[in-house]
Amino acid sequence: MHRLVQEHPTTSVKMVFLEDKNLDMRRYNAPTLCTEVAAIFVGDNGESPANRDICVYPIGDTCQSIFPLNQCCDPMTYPLLFPRGECSWNTGMEHVEERRIAKRIRVTQLQYYAYRLSQRNGFSILHNSGKLFQQYIVDAYVKTEGSRLHFLRQNQKDLRIELYRGLLDALECREHNENICTGKLITLPSSFQGSPRHMQQNYQDAMAVVRKFSKPNLFLTFTCNPSWSEILNSMEGVQRPEDRPDIIARVFNMKLKELLEGIYKHGIFGTVLAYIYVFEFQKRGLLHAHILLTLDSESKIRTKDDIDEFESAELPDPCTDLRLFQIVTKCMVHGPCGTININYPCMRDGQCCKSFPKQFKDDTEENVNGYPIYRRRATEPVQVGKHSIDNRWVVPYNPWLLKKFNAYINVEVCASVKSAKYLYKYVLKGHDAASVKIQKEGALDHDEILSFVEGRYVSAPEAMWRLNEFNLSHKSHTVVRLAVHLPQQQPIVYQDGQEAQAIERAALRKTTLTSWFELNKNDPSAHNISYSDIPQYYVFDKSTTNWKKRQRGGQHVIGRQPVVRILRYSFPESL
């Protein structure tokens, strides 16, 4: 090893995160208030790399490259985590259970890592490796996503999409031009979670829920609390919560389900017609979810008294409710920032981007630009840590939820469709990213900068969440996407060179639109049902491409049509 170091001298460098005002700070914000291991890589639209430059030096031999999917890659990269030198996942690994899941014979890379990262009885070197465990989790997810993208690149190279009429025209003129290339390539489908098409589809689905049930009424932000007893009781020895992103992900997933069950089924805020939630990571070390709730007419929060009944933005009296006071001062106090702490993450150009501290108010003022101005009466400051704070620094909360979950739960009353768009900007903004510079250790910034890098940022909690295949977003209702097209203008997916077979299949298969026309011809009971409402009463059978009447209620199903642009033409009066 000493000889290798002499032959290949290294240079100590450091990576510095940059904050450029010209970049979207929701994506390019620097990691704050946490110590975590993360991966930063460069790729198209944040795609993970399919290959890596991993080199090994066999004794008495020259440098050799090793493929990331090689079963020896993990034990050679992490010898401390594989003390017996056992092999890692390989493409030929088979299921050992007699009952194979979904008739799958081979173990996928994702299944292997999910199995290996699961906690079992007895001591585990893997789960007691601290930051090395975090690195292993991040590395596992990046490799898994990179393999999926590599598969799409290799297997969709010749997969194309074209309109039915356009494909017919192309075949008719092929005899005149044998080199014609029909259709356009499919690069990254909407079925791939996190792709731009997937994000856009999610946004349109959310707008379909808004169209069906009107504007949302409550906006909740629920953040994981690393001090939960379920997390602390699972720590071993000197472990800290950030050392166990696997436990944090599992506990928060259970807590979120409990929160949604209390809201949706047990009616904490009344009768909930619909809800939407999405996850965000934002380099803060902990998971948090944004939830939108739409209430029925009897449960809507209309007056100032209704707001004060569900909401509070004040410090509780420690004499009457000490536990609530402790939770609020620990979880629901912003900053303090401003002149008290100019380096706080919310500071932009010397001002708090969250508009703290707020103004004192004796009474709640109803919705202003979609959100009310909550009551914040002037009281004596209290000592919280090193600072004295008052009601101006309190984030709005619901007292019952706060005592129930002992975590940061911001509850906002909203009455604007802007809230739904605000929520789904987290989906549409793309992956967390980082703008960094690489420079020599101890060098001056202005003359020793080696390179600038803008890449995707994947933290250990996000990697663990995705390896467990937990939802990144969810809706209370199923949204059925309906086709809208002109005659013979439906899109067709086909393999290059199989255009004729694709036309034959398309001629026999109906779309949701053409099948709806057939349904209206043959079923009089469908005459009074609009196209967008048809999924509530009928199910589209993809095998027969026909609408069939539902056997069970479809109250949790919504139909959505794509945005259709209508072109208007003006013709001369002489025509």
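Guide: Helices, of at least four residues, and strands, of at least two, are DSSP runs numbered from the N terminus. In this predicted model, the secondary structure comes to 15 helices and 24 strands.

Visitor: What share of the protein counts as buried?

Guide: Buried means under 20% relative accessible area, and 44% of the 575 residues count as buried. As for contacts with a separation of 6 or more, 68% are accounted for by residues 24 or more positions apart.

Visitor: Which residues make the contact of α4 with α13, and what makes up the contact by class?

Guide: From α4 come Gln134, Ile137, Val138, Ala140, Tyr141, Thr144 and Glu145, which meet Ala460, Ala463, Met464, Arg466 and Leu467 of α13. By class, the contact has 8 nonpolar, 2 polar and 2 charged residues.

Visitor: How do you know that α8 is oblique to α13?

Guide: Helix α8 (residues 245-264) packs with α13 at an angle of about 60°, with the axes 9 Å apart. Roughly perpendicular begins at 65 degrees and roughly parallel lies under 35, so α8 is oblique to α13. The crossing of α8 and α13 is right-handed. Pro245, Asp246, Ala249, Phe252 and Asn253 of α8 make this contact with Ala460, Pro461, Met464 and Trp465 of α13. The residues of the contact divide into 7 nonpolar, 1 polar and 1 charged.

Visitor: How do you know whether Cys73 is in a disulfide or in none?

Guide: A disulfide requires a pair of cysteine sulfur atoms within 2.5 Å. By this rule the count is 0 disulfides. For Cys73, the nearest cysteine sulfur is that of Cys72, 9.0 Å away, and Cys73 is in no disulfide.

Visitor: Why do Cys73 and Cys414 count as buried?

Guide: The cut-off is 20% relative accessible area. Cys73 has 4% relative accessibility and therefore counts as buried. Cys414, at 2%, likewise counts as buried.

Visitor: What makes Ser190 partly exposed?

Guide: Ser190 has a relative accessible area of 28%, so Ser190 is partly exposed. This residue is found in the loop between β6 (184-185) and α6 (196-213). Beyond residues up to four places away in sequence, Ser190 touches Ser195, Arg197, His198 and Gln201. The C-alpha atoms of Ser190 and Asn202, 12 residues apart along the chain, are separated by 9.6 Å.

Visitor: Why does Ser515 count as buried?

Guide: Ser515 has 2% relative accessibility, and therefore counts as buried under the 20% limit. Ser515 lies in helix α15 (residues 512-522). Leaving aside residues up to four places away in sequence, Ser515 touches Lys510, Phe540, Thr545, Asn546 and Trp547.

Visitor: Which residues of α10 are buried, and what covers them?

Guide: In helix α10 (residues 322-331), Leu324, Phe325, Ile327, Val328, Thr329 and Cys331 are buried. Their cover includes β14 (382-384) and α11 (399-405).

Key. Residues numbered from 1 in each chain as written. Predicted model: local features only at pLDDT ≥ 70, side-chain atom pairs only at ≥ 80, totals over all residues. Heavy atoms only, no water. Contact = heavy atoms within 4.5 Å. Nonpolar A, V, L, I, M, F, W, Y, C, P; charged D, E, K, R; others polar. Buried < 20%, exposed > 50% of the residue type's maximum accessible area, 1.4 Å probe, protein only. Axes fitted to C-alpha atoms, helices over the stretch in contact; angles between N-to-C directions. Parallel < 35°, antiparallel > 145°, perpendicular 65-115°, else oblique. Left-handed = near helix turned anticlockwise from the far one by under 90°.
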